[in-house]
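Please look at the sequence and the structure before reading on.

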Amino acid sequence: MIRLVRIELFKLRTTPALFVALGLAFLLTVTSVLTTIFLAGQPGTAPLGSVENVSHVLAIGVVTSFSMLILGIMLSAGEDRHRTSLSTYLAEPRRGRVLVAKLLTAGLVGTVGGAVVFGLDLAIAVPLYAAKGVHHLPVDVMTLWTGTTLLTACFGLLGVALGALTRNTVAAIIGALVWAAVIELAVLQPLFPSLAKWLPTGAAVSLTVATDHSGMLSPAAAALVLVGWAAAVALVASRITLRRELR
Amino acid sequence: MSTLSFQSLTKRYGEVTALDGLTAEVAPGRITAFLGANGSGKTTSMRLLLGLSRPDAGIATIGGAPYVDLKHPTRKVGSVLDQGFHPNRSARNHLRVLAMQAEVPPTRVEEVLDLVGLTSVGGRRVGGFSLGMRQRLALASALVGDPAVLVMDEPFNGLDPAGIATMRTFLRKFADDGGTVFLSSHLLAEVAHSADDAIVIHRGRLVSAGPVSDLSGGAAGVVVSTTDADLLAVTLARRGATVERTRAETLTVRGLTREAVGRAAAELGAVVTDMHGVEDDLESVFADLINHQEATS
């Protein structure tokens with residue numbers, strides 16, 4: 001299995017997708033930190049150094065998780081898109097092992113990527129706050145850091161599972177965005193909040209909220225829920241899609 | 001030595017039977033061509049052999065074992081199907097992935113790049129490769145694991161004449177060294193040049209299997225040019241020959257010897273301006289086999 005994971009990491013390193021995803025995450029993070037700090041206190045924004053302001057600065061889970069979701073989708077469905085899946089399955093006919101290797105790879109890259117991007121966020125924010133006279137951040141930074149890291153890793157897993165299920169990068173990405181933005185956030189969360197917190201986006205929010213967790217899952221439970229969703233989708237994919245004839 | 005074996009192999013896609021009880025063997029040390037019209041089941045057979053599809057009945061084996069049971073399968077079987085390449089990955093990195101999968105040393109990558117003449121462009125993105133370069137990279141991909149068996153679907157497609165000659169020489173040497181080569185092709189003239197054996201299938205059923213020389217030798221004919229083609233054609237047909245009018249004064253005659261055709265012309269007093277035997281090309285043999293299969297099914 002370690003060999004298969006190393007192969008998947010090598011595949012990632014030798015195409016631009018990983019670097020584009022990480023670069024985009026870095027760029028959006030830097031932009032978000034700078035604008036949130038420099039625009040703090042303007043009409044319609046929270047005061048500099050307030051819980052809301054700092055939470056916004058450190059809320060980069062949305063960026064890292066969706067970057068990793070797309071990377072995960074490309075890791076699995078991208079092989080079908082470019083028809084490299086044929087070579088992969090000729091070398092390792094046990095397709096379930098390939099899927100597990102891709103899940104582990106996405107989890108690993110998501111963990112490192114999430115932790116590093118959050119670290120970058122913090123490395124930019126802390127000196128800027130200090131320069132503006134804010135020397136204490138009124139949130140639990142370690143909990144947020146852990147939550148963002150877990151969230152990014154879990155969305156990587158979800159991406160791989162979705163890609164394996166659909167075998168189509170565009171369908172998987174559009175499907176994921178529609179599910180998150182329309183079905184969960186626009187419909188289920190306002191109408192059925194007690195149900196919505198158990199769904200992927202609801203659990204993701206629980207992992208990145210800085211303070212009040214009332215009505216939400218605890219960060220640990222939310223991480224378990226996300227892993228459970230990824231495992232469930234991956235299981236369905238292995239039972240249905242991976243057994244289909246390769247196109 | 002790895003013999004490829006198809007035993008009563010059947011594959012259905014819904015109502016369509018793509019392969020209907022195919023039984024055939026591919027011997028090591030020989031180049032075996034797999035012939036059939038489009039949709040006859042060639043690619044399906046190859047995919048079943050390589051474990052990419054599952055048969056509804058029967059079994060396909062390599063050296064006695066199904067592909068999926070082989071340890072390090074790409075070290076035993078190299079295949080050229082319609083595998084794709086990531087357009088943004090370099091040829092060298094593509095082969096490195098395959099070398100890691102086969103657990104062979106990275107030095108093997110340089111060897112196969114050199115073998116197919118792609119060393120100088122190994123660092124270039126595959127997306128910029130021509131069809132011929134992709135075909136050579138596909139061959140390099142099949143050879144990374146240094147296998148004893150090559151399974152190739154249309155390996156000559158996209159190659160220029162020099163590339164075809166190189167491929168032919170390579171396959172000959174591979175087979176002469178004891179390797180098993182199983183290739184499908186629609187370039188029948190090329191197959192007649194390259195292959196030792198041929199397996200012909202039509203609508204998923206075996207039509208013929210054996211040495212290519214047996215195939216083309218069995219349907220020889222006589223081409224005769226005469227000033228009295230109409231009369232000679234009728235006479236020869238009465239004597240049991242199959243006669244085809246290929247030009248105004250030329251007949252292609254099957255089923256009678258050259259001597260018998262000459263005698264018939266002499267008896268009629270027809271002036272023969274040219275007569276020669278002809279060994280049927282594989283194309284017409286192939287057409288005859290398919291027509292015969294159509295007529296009997």
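The model is predicted: local features need pLDDT of at least 70, side-chain atom pairs count only at pLDDT 80 or more, and totals for chains, interfaces and linings use all residues. Residues are numbered from 1 along each chain as its sequence is written, while chains are lettered from A and ligands numbered from 1 in the order in which they are written.

**Chain A overall**

Chain A has 11 helices and 0 strands. Helices (H or I, at least four residues) and strands (E, at least two) are DSSP runs, numbered from the N terminus. The radius of gyration, taken over C-alpha atoms, is compared with a globule rule of 2.2 Å times the number of residues to the power 0.38. For 247 residues a compact globule would come near 18 Å, and chain A, at 19 Å, agrees. A residue is buried if 20 or more other C-beta atoms, placed from the backbone, lie within 10 Å of its own. Two residues are in contact if their C-beta atoms, placed from the backbone, lie within 7 Å.

| Property of chain A | Value |
|---|---|
| Box of C-alpha atoms along the principal axes | roughly 60 × 40 × 25 Å |
| Buried share of the 247 residues | 47% |
| Share of contacts (separation 6 or more) from residues 24 or more positions apart | 77% |

**Where the chains meet**

The contact joins 26 residues of chain B to 19 residues of chain A. On the chain B side, α3(B) gives the largest share, 7 residues. By class, that side has 12 nonpolar, 11 polar and 3 charged residues. Ala, Val, Leu, Ile, Met, Phe, Trp, Tyr, Cys and Pro count as nonpolar, Asp, Glu, Lys and Arg as charged, and the others, Gly among them, as polar.

Helix α1 of chain A (residues 2–13) packs with α3(B) at about 175°, their axes 10 Å apart. That angle makes α1(A) roughly antiparallel to α3(B), a term for angles over 145 degrees. A:Arg6, A:Ile7, A:Phe10 and A:Lys11 meet B:Arg96, B:Val97, B:Met100 and B:Gln101.

**Helix α4 of chain B**

Which residues of helix α4 of chain B are buried? In this helix, residues 107–115, they are B:Val109, B:Val112 and B:Leu113. They lie on the same side of α4(B), because they cover an arc of only 105° around the axis. These buried residues pack against α3 (91–102) and α5 (131–143) of chain B. B:Gly117, with a positive phi near 75°, follows α4(B).

Technical notes: Buried ≥ 20, exposed ≤ 12 C-beta atoms within 10 Å, placed from the backbone. Arc of directions from axis to C-beta. Axes fitted to C-alpha atoms, helices over the stretch in contact; angles between N-to-C directions. Parallel < 35°, antiparallel > 145°, perpendicular 65-115°, else oblique.
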